[in-house]
Amino acid sequence: MDKQLDLLQGTLDMLILKAVSLGPLHGYGILLRIQQISKDRLEIQQGSLYPALYRLEHQGWIASEWGESENKRKAKYYRLTAAGKRRLQAETENWNSMADVIAGILGTKPEEV
Amino acid sequence: MDAELRFHIESYAEDLVRTGVSRQEAIRRARIEFGGLDRAKEECREVRGLNLVDTLIQDLRYAMRMLRKSPGVTLIAVLTTALGIAANVTVFSLVDGLFLRSVPAKNPERIVRILAPENDGGGYFSIPEFLYLRNQTKTVEELTAHYSTAPLYISANGETGEVQGAVVSSSYFSMLGLQPYLGRFFTSEEDSTPDRDAVAVLGYGFWQRVYRGDSNILGKPFLINGQSFTIIGIMPPEFHGTEIGGMPNEIWIPAMMIHVGYRHCDGFQPSCTMLGILGRLRSGISASEARAEIATLLQQLRASNSAFDERYGASVIAAIGISGDREYFLLLMRLLTTIGGLLLLIVCANLGGLLLARGTARGTEIAMRLALGAGRSRIVRQLLTESLLLAFAGGAVGLLLSTWMSQLLVSFYSVDDEGYRHLFDVRPDATVILYSIVVTAAAGVLFGLLPALQASRTDLNDALKGGGGTVGASRKLSRTALATVQVAFSLALLVGAGLLARSAARIESGANMDLHHVLGLRLPVSLLHYPPHRAYTFKQEVVRRLRELPGIESVSLAKGQGLVWMPGQRARATLTGKTYTKPEEEPLISVKPVAPDYFGTLRIPFVSGRDFNDSDKLGSPPVTIVNETFARQITASHLPLGQTVLVDDKPYQIVGLVKDAQMRSAIQGPLPVAYVPFWQDETLLEARMCIRVAGDPAAALPMVRKAIASIDPEVPVTETMLLMDQVHGAYTDARVAGGVLSCAALLALTLSAMGLYGVVSYEVGRRTKEIGLRMALGAGPRDVVQLFLRQGFGVVLIGVIFGGALAFATTRLLGAWLFGVGSADPLSFGAAAAVLLAVTLTAAYLPTRRATRVDPMVALRYE
């Protein structure tokens with residue numbers, strides 16, 4: 001396994017939104033899915049997950065509902081709302097443009113200045 | 001939240017177990033990896049934001065801490081708010097007590113008053129009319145008749161005196177849902193036959209006062225107007241009758257005993273109308289249905305017997321508010337409402353300015369909180385909580401103050417100008433308390449919102465760099481605007497106070513009367529069924545006897561519905577020989593029978609001719625003394641002596657001319673008056689006496705009473721009052737309005753001065769560096785002062801202009817109380833403006849003196 005990268009600030013929200021966009025999940029499930037799609041390269045602090053979830057819910061990007069888990073226990077499931085979907089799109093675009101800019105700056109050769 | 005987090009940990013633990021870890025170990029590791037459960041919960045809570053109640057409590061605690069930090073400012077703010085709210089709530093208490101209270105009864109919602117105007121406007125009923133209605137009506141139940149202003153001269157337990165009684169039908173008690181405190185009320189059997197059942201119910205206060213609460217008085221007799229009545233019960237305490245704002249009743253007797261309580265005509269005649277009628281609307285019936293039915297019934301009654309008065313419709317209205325003349329109070333209420341509103345606005349402007357200043361001072365604190373992530377709305381909410389806390393503290397104090405203030409205001413009306421006591425209940429009830437809460441909250445938001453919004457816009461960079469931050473242009477403009485508003489409103493109040501003060505001074509001047517040292521009283525001989533001749537000689541004897549008493553300068557009599565010094569009855573008059581095509585064109589005058597020495601007693605100056613004397617008696621040629629307006633209007637000459645005039649078609653010869661003697665009224669111009677000799681008319685039963693006393697008239701009263709009693713001890717001496725007190729009573733409104741306006745103006749002026757002082761003072765403090773710079777560059781103290789004074793002067797000038805306009809628009813409200821002074825009187829405006837300028841400019845100047853003492857070196861270093 002490659003060295004685990006530290007999660008950049010502010011990106012946890014984006015990742016949660018993405019994870020949930022693929023289908024409703026409970027908190028633990030979201031954690032697993034992020035780890036899964038990142039191929040275990042991201043380390044997520046378990047303690048910071050739930051505050052982020054609550055914040056996202058408060059802001060209206062995700063909505064929650066109590067349901068039954070795979071092993072028949074009560075769990076709170078989160079799904080993406082329409083507004084959340086738009087937000088995810090916007091954040092993704094933002095991220096990509098930012099990445100381009102930074103990459104451009106970092107790739108400048110001395111003679112291009 | 002708990003369940004969700006637990007599920008997470010357990011799921012994680014399960015996964016660990018699946019990889020081979022023992023269950024116990026798995027749970028342990030899961031917990032550790034997750035981190036502190038409580039901390040997670042805490043963070044979640046914080047992110048979600050505390051719910052509303054928790055936020056509120058947090059805000060309140062913070063607000064209290066902030067307010068405690070500057071106790072001086074807080075105290076002033078609370079007091080200021082208290083005064084503003086007190087003024088407002090007081091006015092509302094009065095409005096509530098006068099116009100919104102229902103008759104004191106159980107379930108008063110369906111109780112209505114029934115009125116039916118007759119020829120002269122009245123609206124009262126006679127007993128036969130009442131009985132007919134009671135038998136026939138299907139829309140109103142428990143119809144009750146009452147005459148609640150019966151003057152009953154009683155003799156009980158060794159005491160004598162006049163009390164206000166009520167003559168009521170037997171359903172009175174059940175309609176109101178009253179329970180006797182002791183004994184019982186009269187039954188319908190006892191109220192069925194005229195003049196038979198002399199039973200009486202006493203008021204609680206009367207019972208305590210006269211019988212010392214002796215519980216053995218049931219069945220005992222006492223005298224009312226010379227007739228023996230039996231006490232059968234005691235009213236519950238706190239019940240004083242059905243008339244709101246009326247005279248408190250102390251004795252209740254059955255309607256069938258009307259002859260005892262009402263003397264002006266025979267109460268059982270169809271046209272002798274004096275009763276008010278109350279009743280309960282039947283459920284399902286509306287007031288207009290009842291009205292139609294009553295009107296129809298009255299028409300039928302009149303059609304069957306023309307002895308009944310002609311009626312013009314009927315009205316059925318909810319029994320709420322004063323039953324008497326509303327117009328009388330409405331005017332004053334309107335003025336008081338305006339004053340209360342203006343004062344509250346001034347208070348809000350003042351506090352707004354104060355809070356704006358504080359917001360600036362707290363710039364650092366607010367900037368820090370903004371930087372730490374608080375949302376702007378959160379800051380605004382917290383600051384608003386502070387304002388509301390201030391407001392409610394002030395509101396509570398204000399409510400307490402208002403109970404005292406409303407009692408004070410009402411006490412001016414507690415005795416009317418005939419000496420009768422009135423009862424007004426202005427204690428705060430649920431409506432008043434609700435109103436005060438609403439007003440307090442509104443005030444808190446009004447003066448707190450703007451500063452809160454402004455404070456939350458603190459520029460982070462400036463504030464955090466220290467120095468409290470610079471004040472944005474908008475904030476300075478706000479404070480200046482608020483100061484200007486205060487100045488403007490203060491001017492309006494000052495002008496009003498000035499107008500009323502001038503008016504008060506002119507009430508007595510030009511009246512051509514001097515009523516000081518004059519005692520007035522009334523001898524209602526008709527209460528004792530005196531025949532006219534006996535009344536005549538009795539009164540003559542009284543006048544003769546009183547004249548001989550030591551200290552009595554002069555004694556006289558006058559007849560009049562009004563007071564001794566007021567104009568008399570209306571009549572028509574013409575010069576003999578002059579004819580009018582239509583009788584309505586004949587001029588209306590006032591006729592007043594007066595005894596000799598009337599003019600001397602009241603110090604009304606003669607212009608020419610003579611006073612009435614002993615030769616003007618029964619059988620002598622009818623003569624009259626007229627006033628100047630009469631001479632001018634009727635005889636069209638200045639020398640009317642010797643001419644004969646017809647008053648109501650009776651000829652009188654003019655033997656004297658006096659000056660117009662009339663207290664000023666804003667509504668009425670001078671009236672033409674013809675005085676006729678009292679002793680030339682034997683049918684006059686009632687009379688009011690006026691007695692001029694060398695010293696204090698009140699001290700002479702016992703002597704006068706004894707003298708009258710020595711002639712006939714049965715005759716009650718009533719309505720004893722100093723004429724000057726009557727005059728004051730007649731102008732109570734003007735006096736109350738003047739007093740209130742003066743207090744309000746004083747408060748407003750103080751607040752405006754404080755507000756302006758604060759604005760300028762702050763500017764000086766803020767621009768200390770600039771001052772230092774200027775002084776270092778050669779500016780003298782006067783230049784510095786001028787710099788700031790210009791701003792203060794600007795505020796005052798604009799304030800005066802707007803205030804003047806406002807005053808111009810609103811002083812029309814004072815119209816009824818301005819005597820000989822126009823509502824745009826330039827002298828009052830000028831004086832008010834002068835006072836305002838003096839006070840406010842001083843307030844603006846004082847802080848500038850601080851500016852001149854700035855040491856340039858210190859100032860320039862001041863950071």
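**View 1. B:Met775 in helix α23 of chain B.** B:Met775 belongs to helix α23 of chain B, which spans residues 768-776; helices here are DSSP runs of H or I with at least four residues, strands are E runs of at least two, and both are numbered from the N terminus. This is a predicted model, in which local features need pLDDT of at least 70, side-chain atom pairs count only at pLDDT 80 or more, and totals for chains, interfaces and linings use all residues. Residues are numbered from 1 along each chain as its sequence is written, while chains are lettered from A and ligands numbered from 1 in the order in which they are written. Is B:Met775 buried or exposed? B:Met775 counts as buried because 21 C-beta neighbours lie inside 10 Å. The cut-offs, with C-beta atoms placed from the backbone, are 20 or more other C-beta atoms within 10 Å of the residue's own for buried, 12 or fewer for exposed, and anything in between for partly exposed. Leaving aside neighbours within four places in sequence, B:Met775 is in contact with B:Val784, B:Val854 and B:Pro856; a contact needs C-beta atoms, placed from the backbone, within 7 Å. From B:Met775 to B:Gly794, 19 residues apart along the chain, the C-alpha separation is 24 Å.

**View 2. Helices α5 and α11 of chain B.** Helix α5 (residues 71-100) of chain B packs with helix α11 (residues 326-361) of chain B at about 160°, their axes 9 Å apart. That angle makes α5(B) roughly antiparallel to α11(B). Axes are lines fitted to C-alpha atoms, for helices over the stretch in contact, with angles from 0 to 180 degrees between N-to-C directions. Angles under 35 degrees count as roughly parallel, over 145 as roughly antiparallel, 65 to 115 as roughly perpendicular, and the rest as oblique. The crossing of α5(B) and α11(B) is left-handed, meaning that the near helix is turned anticlockwise from the far one by less than a right angle, with clockwise giving right-handed. In the contact of α5(B) with α11(B) there are 17 nonpolar, seven polar and no charged residues. For these classes, Ala, Val, Leu, Ile, Met, Phe, Trp, Tyr, Cys and Pro are nonpolar, Asp, Glu, Lys and Arg are charged, and the others, Gly among them, are polar.

**View 3. B:Ile85 within helix α5 of chain B.** B:Ile85 sits in helix α5 of chain B. It is buried because it has 29 C-beta neighbours inside 10 Å. Not counting residues up to four places away in sequence, B:Ile85 touches B:Leu344, B:Gly394, B:Gly395, B:Gly398, B:Ser436, B:Val439, B:Thr440 and B:Ala443. Between the C-alpha atoms of B:Ile85 and B:Ala709, 624 residues apart along the chain, there are 53 Å.

**View 4. The largest nonpolar core.** Which residues of this 158-residue core touch the most other members? They are B:Leu491, B:Leu493, B:Leu602, B:Ala674 and B:Ala737. Helix α11(B) gives the most to this core, with 17 residues. A nonpolar core is a set of buried Ala, Val, Leu, Ile, Met, Phe, Trp, Tyr and Cys residues joined through C-beta atoms within 7 Å. Setting aside residues up to four places away in sequence, B:Leu602 touches B:Met513, B:Leu515, B:Val518, B:Trp565, B:Ala661 and B:Cys690.

**View 5. Helices α17 and α20 of chain B.** Helix α17 (residues 532-547) and helix α20 (residues 697-711) of chain B pack at about 140°, with axes 10 Å apart. The two are therefore oblique to each other, and α17(B) passes α20(B) in a right-handed crossing. From α17(B) come B:Phe538, B:Glu541, B:Val542, B:Arg545 and B:Leu546, and from α20(B) come B:Val704, B:Ala707, B:Ile708 and B:Ile711. The contact residues divide into seven nonpolar, no polar and two charged.

**View 6. Helices α1 and α2 of chain A.** Helix α1 (residues 11-21) and helix α2 (residues 27-37) of chain A have axes that come within 9 Å and cross at roughly 100°. That makes α1(A) roughly perpendicular to α2(A). A:Leu15, A:Ile16, A:Ala19 and A:Val20 in α1(A) meet A:Ile30, A:Arg33 and A:Ile34 in α2(A).

**View 7. Positive phi at B:Asp648.** B:Asp648 has a positive phi near 50° and is a residue other than glycine. B:Asp648 lies in the loop between β17 (644-647) and β18 (650-658) of chain B. With 12 other C-beta atoms within 10 Å, B:Asp648 is exposed.

Definitions and conventions
Two residues are in contact if their C-beta atoms, placed from the backbone, lie within 7 Å.
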